[in-house]
Amino acid sequence: MSRYHIDITTRVFHFKEPAGTSRGIYRTRTSRFVHLTCDDRPGIMGVGECAPLPKLSCDDLPDYDSVLRLHCDEVCARGYIDADALRDVPSMLFGLETAWSQLHMEGSTALSDTPFARGEEGIPINGLVWMGDFETMAARLEQKLKQGFKCVKIKIGAIDFSDEMALIHRLRDRYGSDRIELRVDANGAFSPAEALGKLEQLACNDIHSIEQPIMAGQWQEMARLCEKSPLPIALDEELIGVNSVDRKREMLDTIRPQYIILKPSLHGGMAGCREWIALARERGIGSWITSALESNVGLNAIAHLAAEVYGPDITMPQGLGTGQLFTDNIDTVPIAISGDKLWYQP
């Protein structure tokens, strides 16, 4: 039996600008990296990123490092990854899956056999405009448009809603929906009582979709919104901690969203995301994949997953534009943004 070994390191990344959401502001990002080797593959290493989001991930644990060490030791003892045993610690599962994949790709960061991995096709992505005051958000929005993005996602819910509407009106006055696809992400900022009224105002601006308009866990209220909303609703935080197949089916059948948004670090690793996508497809529910503020190591793995599950000629913009967020990102992974696409450069 092959003998595996895993070392763990920790690194803190620094945002170029504060990343504001309705839950607070991120200025740094802490990631653990699992370094996987095998006696049968001398000189080859697989590296994966384990990066739970504070106060959001279901595995944001006070003893995260010791739990991660325990699971790494179990993987080494078994000689394989038991995804079912790691359902409740998705960020750890994602890092281990990434390291395992790279090790068995002989150390290559090309983690899929796809046109994307061969550098033949880029993945369309959305530009992300973080929360801030009106002028800051307007400037960031203009910057994304100049960079060539045809789909822009705006974080809302932190400043006055009328100011956010004014920003959206400004965008639509200059660019129609035939030129710019506009998504908004509320991160649960609306109350159930006010949500439908705000969705009706947003819908007048040809919005593609809104992510998580109300806080997660209110299934009946969310189901009511999905039924009555004049614009499509995408679930994000709602999926966190819903890890068993039966519970996933129950949630999708209860809420019936138009879209779900998958983040491997939050939603069951790569195995869990594949499961979510399959269940959504059975119900005619759309989906796309995004990163959860990982470094380029995690982002690369997520991009290869998107290239695999959605196949060649991806048309739906994915949320994979976070590689430019940090002043000190890892630059040994050959991914880069050109225009509105993420490319792997073998």
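**A walk through the model**

Mentor: Let's begin with an open sheet of three strands, in the order S4-S13-S12, with antiparallel pairing. Keep in mind that this is a predicted model.

Trainee: Okay, which strands are the edge strands there?
Mentor: Strand S4 (123–124) and strand S12 (335–338), since each pairs on one side only.

Trainee: And how many bridges are there between S12 and S13?
Mentor: Four bridges, with S12 and strand S13 (residues 341–344) paired in the antiparallel sense.

Trainee: Got it. Let's switch to S6. Is it buried or exposed?
Mentor: Strand S6 (residues 151–155) is mostly covered, with five of its five residues buried. That goes for both faces: Cys151, Lys153 and Lys155 are buried on one side, and Val152 and Ile154 are buried on the other.

Trainee: What does S6 pair with?
Mentor: Strand S5 (residues 127–129) runs parallel to S6, joined by three bridges, and Val129 stands opposite Ile154 in S6. To get from S5 to S6, the chain passes through helix H3 (residues 134–146), and this β-α-β crossover is right-handed. S6 is also joined to strand S7 (residues 181–185) by five bridges, again running parallel. There, Cys151 stands opposite Glu181 in S7.

Trainee: Which helix goes with S6 and S7?
Mentor: Helix H4 (residues 161–174); together with S6 and S7, helix H4 makes a right-handed β-α-β unit.

Trainee: Why do you call Lys155 buried?
Mentor: Because its relative accessible area is 8%, and buried means under 20%. Asp185 is buried as well, with a relative accessible area of 1%.

Trainee: How many salt bridges are there in the whole structure?
Mentor: A search finds 25. Another one joins Glu194 and Lys198, at 3.4 Å, N to O. Those two are four residues apart in helix H5 (residues 192–203), so they're separated by about one helical turn. Glu194 is partly exposed, with a relative accessible area of 31%, while Lys198 is buried, with 16%.

Trainee: Which residues are linked in a network of salt bridges?
Mentor: Asp84, Arg87, Lys248 and Glu275.

Trainee: New topic: how many residues are in the largest nonpolar core?
Mentor: The largest nonpolar core has 90 residues, and Ile154, Phe190, Leu202 and Ile210 have the most contacts inside it. Helix H9 (residues 296–310) provides the largest share of this core, 10 residues. There's also a second, separate core of 20 residues, which includes Tyr4, Cys38, Cys76 and Ala99.

Trainee: What is Ile210 in contact with?
Mentor: Leaving aside neighbours within four places in sequence, its contacts include Ile156, Val184, Phe190, Leu202 and Ile233.

Trainee: Last stop, helix H2. How many of its residues are buried?
Mentor: 12 of the 15 residues of H2 are buried, so it is largely enclosed by the rest of the structure. Among the buried ones are Met92, Leu93, Phe94 and Ala99.

Trainee: And what should its 15 residues span?
Mentor: At 1.5 Å a residue, helix H2 (residues 90–104) should span 21 Å, and its end C-alpha atoms are 21 Å apart, which agrees. Then look just after H2, where Glu106 takes a positive phi of about 60°.

Terms used:
Residues are numbered from 1 along each chain as its sequence is written. This is a predicted model: local features need pLDDT of at least 70, side-chain atom pairs count only at pLDDT 80 or more; totals for chains, interfaces and linings use all residues. Side-chain values use heavy atoms; hydrogens and water are left out. Two strands pair if DSSP finds at least two bridges between them. Buried means under 20% relative accessible area, exposed over 50%, partly exposed in between (1.4 Å probe, protein chains only). A crossover is right-handed if, with the strands pointing away from the viewer, the path from the first strand over the helix to the second runs clockwise. A nonpolar core is a set of buried Ala, Val, Leu, Ile, Met, Phe, Trp, Tyr and Cys residues joined through side-chain atoms within 4.5 Å. Contact means heavy atoms within 4.5 Å. A salt bridge is a side-chain nitrogen of Lys or Arg within 4 Å of a carboxyl oxygen of Asp or Glu. The expected span of a helix is 1.5 Å times one less than its number of residues.
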